[in-house]
Amino acid sequence: MDATIRPEASKAIPLRFSYAPGGVAGTSFKPEHLAAILDEGPQRGFFEVHAESYMGAGGPPHRMLERLRRDYPFSLHGVCMSIGGPSPLNRSHLARFRGLVARYQPALVSEHLAWSTHETSFFNDLLPLPYTKATLDRVCDHIDEVQEAIRRPLLLENPSTYVAFRSSTMSETDFIRAVAERTGCGLLLDVSNVVVSATNHGFSALQYLADFPLARVGEVHLAGHAEQSDDEGELLLIDSHDGPVADPVWKLFEIVIARCGPVPTLIEWDSNIPGWPVLKAEAAAAQAILDRCHSMEDRHAA
Amino acid sequence: MQPDAHACYAAAFVPPLLDPGADVPAVVTGPNGKSAMKRYNVYRNNVTVSLIEALAAIYPAVQRLTGPDFFRAMARFHIRETTPASPLLFDYGRDFPAFIARYEHAQPLPWLPDVARIERAWLDAYHAADAAPLSATELAAIEPDRLASLVFTVHPATRVVRSPFAAVSIFAANRTGGSSDRIDASTPEDALITRPEFDVVVRQLPPGGAVFLTCLISGCMLAEAAAAAIEASQDFDLATNIAGLFEAGAFTSLTSGDAR
């Protein structure tokens with residue numbers, strides 16, 4: 001293992017692999033919220049951590065995670081593995097990712113169906129890929145490599161996109177289903193991304209869900225989006241993560257949970273970050289939907 | 001499908017991302033024959049704006065000194081010239097101080113590159129490996145005749161930035177939102193940057209202190225470093241410098257150089 005990310009904290013605080021938190025709502029972890037989170041004492045919930053922000057050797061970022069991890073399960077969310085790119089995976093990046101999995105024993109580990117690095121340049125955005133037999137093979141190879149490194153299944157997140165590739169020969173849902181079947185990976189269903197892509201590409205979000213392999217969904221993401229217009233003056237949705245979850249996303253989320261049962265659900269809010277009470281209230285709204293599903297399941301069982 | 005179509009989608013998608021004058025890649029389209037111009041521009045905007053914000057997060061004092069509009073324009077030029085080579089954004093911007101030094105519009109602010117160097121060192125210290133700082137009592141326990149040959153291991157966070165300008169004072173005033181009105185910018189200042197525990201420390205080094213610490217970082221014995229410091233500055237005071245470095249937590253261990 002990379003010596004710079006040896007799990008020092010585990011000497012003092014033995015961490016155990018935490019099981020998926022079930023039908024619990026969580027939020028992205030933002031360092032500015034740490035004091036408010038700790039003041040409340042341990043609560044129901046979990047925190048999603050962007051892996052790349054914690055790939056430094058030491059210092060305050062790891063102290064914060066060590067403290068938070070004592071009270072909460074984590075979801076480790078990779079943003080930059082470039083699984084959807086044609087280049088080989090960056091081995092040192094994969095080693096750092098594996099180091100974080102070993103150190104913090106997250107309940108969930110996820111990455112994106114996208115790419116961000118080409119040759120030696122990193123573009124810091126989730127860029128789209130064509131859906132073809134060739135890209136399918138490459139994505140499956142990359143996921144095999146990640147899962148081999150971390151010794152556990154990865155959850156692959158469906159993307160939000162603004163353009164399509166002329167060379168695509170498969171639908172996104174067929175592509176994702178094939179990836180999951182071949183690699184055994186789980187899926188992170190970003191309901192906001194479904195709404196964004198459905199609007200941008202003129203397909204039905206409900207039909208997308210009907211085609212999506214919901215049985216493999218291990219986590220749901222919800223986020224705010226922004227509105228722009230395309231060259232024809234029609235609505236173009238931007239996956240901006242900068243505000244509250246919109247009503248159509250909540251409605252679709254209820255449909256997903258009714259079909260999937262209660263799965264861990266995360267509120268993403270990455271810019272114009274509000275105070276902790278606002279973010280917490282958004283998670284509480286998701287929790288209410290998850291709990292309603294629980295109680296319906298209980299009634300069916302009775 | 002062409003045999004190389006798999007590899008070429010990224011090669012076709014990338015070049016116009018940072019070139020606003022270039023055509024939208026022919027490999028992409030909107031749905032049902034719609035245009036992809038504004039659609040592709042979402043990616044262009046995401047890339048440029050997120051990298052500008054990454055630089056603004058690393059260099060807040062530089063942004064405060066230039067104002068946000070100046071900073072964003074300067075950052076945009078830098079991003080087009082030097083895209084990140086690593087997916088770790090906290091590693092980005094190592095070439096930004098040198099870029100500022102040759103950026104035409106920044107010439108009236110000659111201390112700006114050094115303020116940027118301090119901010120870059122600050123973030124490196126923030127993410128540096130954890131290590132317990134060496135206590136001054138361990139130095140006090142050394143027999144006097146062995147002091148001259150001591151060799152120090154510096155803390156992984158410890159860095160030195162030298163400036164012919166008052167870069168430390170300007171950094172301090174602009175990092176925390178203070179005023180730099182009363183700073184004489186032409187006073188040379190050297191910075192010690194380190195992180196003994198949780199918080200990064202930025203201090204002005206006394207005369208000769210930068211040469212002294214730089215020598216110790218490179219593995220010189222204490223007597224060699226002191227001689228070099230006196231050579232650099234007649235005002236160098238060994239006791240003051242050692243006390244300041246220990247207080248800041250700049251070292252993690254010491255050994256006798258004779259044992260080398």
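Which residues in α4(A) meet which residues in α5(A)? In this predicted model, the α4(A) side of the contact consists of A:Leu94, A:Phe97, A:Arg98 and A:Val101. Their counterparts in α5(A) are A:Val146, A:Ala149 and A:Ile150. By class, the contact holds six nonpolar residues, one charged residue and no polar ones.

The geometry of this helix pair was also computed. Helix α4 of chain A spans residues 91-104. Its axis and that of α5(A) come within 9 Å. The two axes cross at roughly 45°. Angles under 35 degrees count as roughly parallel and those from 65 to 115 as roughly perpendicular; α4(A) and α5(A) are therefore oblique to each other. The crossing of α4(A) past α5(A) is right-handed.

Chain A also contains a closed barrel. Eight strands form this barrel, in the order β1-β2-β3-β4-β7-β9-β10-β13. Their pairing is parallel. From one strand to the next, the twist averages 30°. Strands of a sheet pair through backbone hydrogen bonds, either parallel or antiparallel. One parallel pair in chain A joins β3 (residues 74-77) to β4 (residues 108-112). Three bridges link these two strands. At one of the paired positions, A:His77 has A:Ser110 in β4(A) as its bridge partner.

Helix α7 of chain A, residues 191-201, lies across β9 (186-190) and β10 (217-223). The helix runs at about 65° to β10(A).

The next feature is the interface between the chains. Here 44 residues of chain A are in contact with 44 residues of chain B. On the chain A side, several elements give two or more residues: α3 (60-71), β5 (115-118), β6 (121-127), α5 (133-150), β8 (164-165) and β12 (235-238). The most comes from β6(A), with six residues. By class, this side of chain A divides into 19 nonpolar, 17 polar and eight charged residues.

Strand β8(A) is joined by two bridges to β1 of chain B, residues 28-29. These strands run antiparallel. Within the pair, A:Ala164 stands opposite B:Thr29 in β1(B).

Chain B itself is divided into two domains. Domain 1 covers residues 1-109 and domain 2 covers residues 128-260. Their C-alpha centres lie 37 Å apart.

Notes. Residues numbered from 1 in each chain as written. Chains lettered and ligands numbered in written order. Predicted model: local features only at pLDDT ≥ 70, side-chain atom pairs only at ≥ 80, totals over all residues. Domains from an automatic or database assignment. Pairing = 2+ DSSP bridges. Helix = DSSP H or I, 4+ residues; strand = E, 2+ residues; numbered from the N terminus. Axes fitted to C-alpha atoms, helices over the stretch in contact; angles between N-to-C directions. Contact = placed C-beta atoms within 7 Å. Nonpolar A, V, L, I, M, F, W, Y, C, P; charged D, E, K, R; others polar. Parallel < 35°, antiparallel > 145°, perpendicular 65-115°, else oblique. Left-handed = near helix turned anticlockwise from the far one by under 90°.
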